[in-house]
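Hi,

Here is the structure I promised to pass on.

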Amino acid sequence: MARAASEWGFFQVVNHGVGRELLEEMRREQTRLFRLPFGTKDKAGLLNGSYRWGNPTATSLGQLSWSESFHVPLPSISREDCDYGKLSTLRGVMQEVADAMLRVADTVAGTLAENLGHEAGGSESAFPAGCDGTTCFLRLNRYPACPFAADSLGMVPHTDSDFLTILCQDQVGGLQLIKDSRWVAVKPHADALIVNVGDLFQAWSNNRYKSVEHKVVANSKAERFSVAYFLCPSSDSSVGTCGEPSPYKPFTFGEYRRSVHDDVERTGKKIGLPNFLK
């Protein structure tokens, strides 16, 4: 895993303990959710008003993400005021998936940290600091079949602004990552979860692990579903480093998110970690 995180920034894991039956149930619930009318998803405050679609900064088809999603903070899943509409079983399935993916994320992150000689749990200096079930996110994605597939993307190229992402994708395919200046397809594996390194892990590891650009290509014939778990610290948590000297200035997760937001508003794209180099 450490070699893959260093060379590719992505890898697939099996024997992860998340049951196929649970993931199939999540897919069925997800399909029911996204089949709701657009107005219901966009305006009704479903799942704490976490619905997103497209790309607000797009000025052409090439900049448009042909997708929709619910980006849900984990604490809101169990809150009484989180509206699930008529989807009465969605809450329980989402909570079970989130709990299972948190276990995978903690195990993988701890293993990668130990590979760099750092303690993974049990002390204040343990990694990942400040990440638990109250600070992370679960994202439900749908990529509709696209009539402009040749000229658009399901998700535009980006890196993830977290420590680690755990992804369950269906068998349609479409996820690609950049390696040696070329795009490489991440082939679907029915029993695997995809893990990719986020920006915060790259910074913490002093660039030993790589947060690489990835995208989702559009498909003219088939829709695609995926579920992503984002391992994030609290907003005021310092990202830290596995050891000095670090190439990065000290920063918190909140400062990083604000920087990314400001970049996108000002330039139309994310700059990310280069903003925090010493």
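Strand 1 and strand 9 (residues 193–197) run antiparallel and are joined by 4 bridges. Strands here are DSSP runs of E, at least two residues long, and helices are runs of H or I of at least four, both numbered from the N terminus. Two strands count as paired if DSSP finds at least two bridges between them.

Before going further, a word on what you are looking at. This is a predicted model, with local features needing pLDDT of at least 70 and side-chain atom pairs counted only at pLDDT 80 or more, while totals for chains, interfaces and linings use all residues. Residues are numbered from 1 along each chain as its sequence is written, and side-chain values use heavy atoms, with hydrogens and water left out.

Angles run from 0 to 180 degrees between N-to-C directions, using axes fitted to C-alpha atoms, for helices over the stretch in contact; contact means heavy atoms within 4.5 Å.

Two residues are worth a click:

- Gln-30 lies in helix 2 and is buried, at 0% relative accessible area (buried is under 20%, exposed over 50%, partly exposed in between, with a 1.4 Å probe and protein chains only). Its side chain reaches the backbone oxygen of Asn-141 at 2.9 Å. Gln-30 also touches Phe-225, Ser-226 and Val-227, among others beyond four places away in sequence.
- Ser-65 sits in the loop between strand 2 and strand 3, and is buried at 5% relative accessibility. The Ser-65 side chain reaches the backbone nitrogen of Val-156 at 3.2 Å. Leaving aside neighbours within four places in sequence, its contacts include Gly-54, Asn-55 and Leu-153.

Lastly, the annotation: an unreviewed UniProt entry places "domain: Fe2OG dioxygenase" at residues 132–233, though such annotations may be inferred rather than shown by experiment. Over that range the chain is 6% helix and 44% strand, with the end C-alpha atoms 7 Å apart.

Cheers

Methods
A polar contact is a pair of N or O atoms within 3.5 Å; within protein, one must be able to donate a hydrogen and the other to accept it, and residues adjacent in sequence count only if both atoms are side-chain atoms.
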